[in-house]
Amino acid sequence: MSETQLPPPRRRINLNWLGLVPFALFVGLFLIAPTMKIVIGAFQRADGSFTFENIAGLFTPSIIASYWISIKISVASSAIGCLVGFLMAAAMVLGGLPNTIRSPLMTFSGVASNFAGVPLAFAFLATLGPLGLVTMFLKTQFGINLRAMGFNILSFWGLTITYLFFQIPLMILIITPALDGLKREWREAASCLGATGTQYWRMVALPILFPTILGTFALLFANAFGAVATAIALTGSSLNIVPIMLFAQIRGDVLGNPHLGYAMAFGMILVTGIANVIYIWLRMRSERWLK
C-alpha cells in the first residue's frame with residue numbers, strides 16, 4: 001500500500017511586519033527622500049546639469065567662517081554639557097543622594113533633551129534677553145547690568161548657554177547607565193590594593209568610562225551642530241552660523257542660491273554623520289566593559 005501523500009504546508013505570511021510600514025513610510029518620506037534631494041542638489045546647477053561649483057563654493061571665506069563658528073559653539077556646548085551632566089549623574093548614582101531624586105531628574109532630562117526650536121529660543125529671550133526677567137531683576141535689585149558687562153543672548157555665548165538646556169539632560173540620559181555599570185567589586189578591589197578614591201577614579205573608573213564620555217561628546221557635538229530652528233529663532237541674522245546662512249540661501253530671495261544651500265546642508269550632513277559614527281564606535285567599545 002502506498003503511503004498517502006500529504007499536501008505541503010501552506011506558507012503563512014507574517015503580518016507582524018505590517019506594523020513597521022508606517023515607520024518605514026515616515027523615514028522614507030521625511031528622512032531618506034529629503035537627504036537624497038540635498039545630496040543630488042549639491043551637485044546640480046539651476047538647469048539640473050552636473051557641477052562641482054556648489055561644493056567649491058563652500059570654501060569661500062564667509063562660508064568657512066560660518067562653519068568655524070558653528071564648530072566652536074558645538075564644541076563649547078558639548079564640553080560644558082558633558083562636564084556638568086557627568087557631575088550631576090555621578091552625584092545622583094554614586095553620591096548617595098536619595099533615590100527619590102533620580103526619577104524626577106531622569107524624567108526632566110528626557111523632556112528637556114528634546115525641547116528646542118522656537119519655544120526654547122523664546123524662553124531664553126524672556127529670561128536672559130535685553131528685557132528678560134533675570135536681566136531686569138539683576139539690574140533693578142543689584143545694579144548688575146549684563147549688557148554693560150558684555151553679555152548678549154544673541155551672541156556666541158548666548159547661543160552656547162541656550163544649547164546647554166538640552167545638552168546637559170542628554171548627557172545625563174546617556175552617562176547614567178554607564179555609571180550604573182561600574183561594578184562595586186572594582187572599587188572594593190582597588191581599596192584592598194591600597195588605592196585612594198582619587199586613584200580609583202583616575203586608574204579604573206575614568207578609563208572605563210572614557211569611551212562613553214568621548215562618544216557622548218561626539219553625539220552632543222552633532223546635536224548642537226545640527227540645531228537649526230533654535231539658532232534661527234534666537235539669533236536671526238546677528239550670528240553667521242551655518243544654519244542661518246543656509247536658510248538665507250534656500251529661502252529664495254534675490255541673492256539666494258538654493259543649490260549652494262544644498263551644498264552647505266550636505267556639508268552639515270557629513271560633519272554630523274562623522275560625529276555619529278564616532279559615537280557609535282566608541283559606545284560599542286565601552287559596552288565591552290559594562291556588560
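Visitor: What should I know before we start?

Guide: Residues are numbered from 1 along each chain, and side-chain values use heavy atoms, leaving out hydrogens and water. As this is a predicted model, local features need pLDDT of at least 70 and side-chain atom pairs pLDDT 80 or more, while totals for chains, interfaces and linings use all residues.

Visitor: Why is T216 called buried?

Guide: Buried means under 20% relative accessible area with a 1.4 Å probe, protein chains only (exposed is over 50%, partly exposed in between). T216 has 0% relative accessibility, so it counts as buried.

Visitor: What does T216 touch, not counting residues up to four places away in sequence?

Guide: With contact meaning heavy atoms within 4.5 Å, T216 touches C82, M171, I174 and Y279. T216 itself is found in helix α9, residues 197–225.

Visitor: How do you know that the buried residues of α4 line one face of the helix?

Guide: Those residues are L105, S109 and A112. Seen down the axis of α4, they fall within an arc of 70°, so they line one face; the arc is that of the directions from the helix axis to the C-beta atoms. On the other side, N99, T100 and V111 are exposed. What covers the buried residues includes α3 (61–93) and α7 (156–180).

Visitor: Which helix gives the largest share of the lining of the largest pocket?

Guide: That is α1, with five residues. The lining has 13 residues, and I38, V228, A265, M268 and I269 lie nearest the pocket's centre.

Notes
Helices (H or I, at least four residues) and strands (E, at least two) are DSSP runs, numbered from the N terminus. On a 1 Å grid over the protein atoms alone, a cavity is a set of points where a 1.4 Å probe fits but cannot get out, and a pocket is an open set with protein on both sides within 12 Å along at least five of seven lines; lining residues have an atom within 4 Å of a point.
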